[in-house]
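Q: Could you walk me through how a few of the helices sit in this one? I have the model open.

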Amino acid sequence: MYKILLIEDDVQLSNLIQDHLKRYGYLVYQPVNFTNIVEEFTRLQPDLVLLDINLPYYDGYYLCRSIRSQSTVPILIISARSQELDQIMAIELGADDYITKPFTFEMLQSKVKAAVRRVYGEYAAKDSNNTCVGALCLDANTLTLMYLEKKVELSKNEYKLMKKLIDHHDAFVSREELIEEVWDAVTFVDDNTLTVNITRMKSKLAELGIKDAIKSRRGAGYLLHIPGANGEEPC
């Protein structure tokens, strides 16, 4: 279920858009405080942003540029400004599409669907070098783990371990599977070696600001959970 951050100060229109998109299975979040929109975006980590231009405190152009500086999330502008210059400016600042008011909800929904499909669905570019879950990304070329604007370096074994956990996020992976993935032979590795490496990964995730991301259960193994990765609101 995809999360949408709807930044529109017209309460009536915002509620109508939310009601319509919810019918198609989207989770729509509406900020109530327009003084900290960028902080709200960082906290929520939405899959798509619907952004008006005429807003209190900060206009949509400023917010578009600020969001784009930290994320590649799709940004769709919804605005009553119909001049070509406004549309060009929005696109140059990083917006993916521009929808002029008034619009039909069917048109809006089709634009949202197309953006989601292009970025996350069947038309998404396949990048074999990066593996991501939510805002957490693993880079195979640099052996780095990234979350928002923070980055930590990994050893080769730590990379293999994290790759396995990300590939099976929110599902338990047995200790035997992890040992086989990282060291290729269960019988030649001390079981404590895995425990030590898991502890290191927990520490590095904590450096990125993600605490208690790796859960353990006796007899089941380890599970990686990243807040906000499955459509729920991050804590």
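Q: What do the buried residues of α5 pack against?
A: They pack against β1 (3-7), α1 (11-22), β3 (48-51), β4 (75-79) and β5 (97-100), where contact means heavy atoms within 4.5 Å. This is a predicted model, in which local features need pLDDT of at least 70, side-chain atom pairs count only at pLDDT 80 or more, and totals for chains, interfaces and linings use all residues. Residues are numbered from 1 along each chain as its sequence is written, and side-chain values use heavy atoms, with hydrogens and water left out.

Q: OK, and which residues in α5 are buried?
A: In α5, L108, Q109, V112, A115 and V116 are buried (under 20% relative accessible area, with a 1.4 Å probe and protein chains only). Seen down the axis of α5, these buried residues fall within an arc of 130°, so they line one face of the helix.

Q: Switching topic, at what angle do α6 and α8 pack?
A: Helix α6 (residues 156-167) and helix α8 (residues 191-207) pack at an angle of about 80°, with their axes 10 Å apart. The two are therefore roughly perpendicular to each other (65 to 115 degrees).

Q: Which residues in α6 meet α8?
A: On the α6 side they are N157, E158, L161, M162 and L165, and they meet L194, N197, I198, R200, M201, K204 and L205 in α8.

Q: And how does α7 pack with α8?
A: Helix α7 (residues 175-183) packs with α8 at an angle of about 85°, and their axes are 10 Å apart, which makes α7 roughly perpendicular to α8. R175, L178, I179 and W183 of α7 make this contact with D191, T193, L194, T195 and N197 of α8.

Notes: Axes fitted to C-alpha atoms, helices over the stretch in contact; angles between N-to-C directions. Helix = DSSP H or I, 4+ residues; strand = E, 2+ residues; numbered from the N terminus. Parallel < 35°, antiparallel > 145°, perpendicular 65-115°, else oblique. Buried < 20%, exposed > 50% of the residue type's maximum accessible area, 1.4 Å probe, protein only. Arc of directions from axis to C-beta.
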